[in-house]
Amino acid sequence: MNFCSHCGHTVRLAIPQGDDRPRFLCDECATIHYQNPRIVAGTLTVSGTRVLLCRRAIAPRKGYWTLPAGFMENGETTAEAAARETREEACAETRLHGLYTLINLPHINQVFMIFRADLEGSFAPGPESLEVGLFEEHEIPWEELAFPTIERTLWHFYADRKQGEFPLHMSDIVPDRERQSGAG
């Protein structure tokens with residue numbers, strides 16, 4: 001950040017009085033610019049024994065497979081964001097069951113939240129997907145998954161499905177080392 005979004009003057013990076021981390025400060029209008037993590041919300045949508053995956057039509061990781069997910073918008077809940085992203089990427093309506101994975105990615109300032117869901121009706125590629133399909137466990141293109149968060153969510157799902165229980169899984173993904181915490 002070089003300029004204040006409130007008054008247009010230059011900003012400097014410093015620790016504000018009473019704070020504990022650097023923030024962009026505007027000396028002209030006294031605005032402190034807080035930068036907070038972005039929430040990525042989506043669904044692990046199931047139809048029978050198959051999981052809905054989308055092949056990305058956009059960067060990053062264009063051409064790789066993912067669960068339908070994207071950035072949360074202002075004015076919506078995390079569940080609404082997950083359902084909207086599923087509609088946008090897979091033209092699919094779902095019935096949500098609740099939050100399933102919460103994965104912190106502090107190195108890229110993101111929190112990844114995936115809800116378990118049932119597919120209701122048909123699906124088709126949206127503008128951000130090259131193709132959309134339902135996959136049995138043995139058909140998952142593991143080597144072509146777009147992100148570690150997708151792989152981790154699918155690992156949890158297939159392990160939990162064998163047990164017949166789907167608890168919330170909370171974990172962190174940190175570069176060069178993976179650290180799991182919380183409910184596992």
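## Salt bridges in the predicted model

Asp 118 is partly exposed, with a relative accessible area of 22%; partly exposed lies between buried (under 20% relative accessible area) and exposed (over 50%), with a 1.4 Å probe and protein chains only. This is a predicted model, in which local features need pLDDT of at least 70, side-chain atom pairs count only at pLDDT 80 or more, and totals for chains, interfaces and linings use all residues. Residues are numbered from 1 along each chain as its sequence is written, and side-chain values use heavy atoms, with hydrogens and water left out.

A salt bridge is taken as a side-chain nitrogen of Lys or Arg within 4 Å of a carboxyl oxygen of Asp or Glu. The count under this rule is twelve. Three of them are listed here.

| Salt bridge | N to O distance |
|---|---|
| Arg 84 and Glu 76 | 2.7 Å |
| Asp 118 and Arg 95 | 2.8 Å |
| Arg 95 and Glu 120 | 3.6 Å |

Strands (E, at least two residues) are DSSP runs, numbered from the N terminus. Arg 95 also forms a salt bridge with Glu 120. That pair again links distant parts of the chain, with Arg 95 in strand E8 and Glu 120 in strand E9, 25 residues apart. Arg 95 is partly exposed at 43% relative accessible area, and Glu 120 is partly exposed at 42%.

Arg 84 and Glu 76 are both buried.

Notes:
Helix = DSSP H or I, 4+ residues; strand = E, 2+ residues; numbered from the N terminus.
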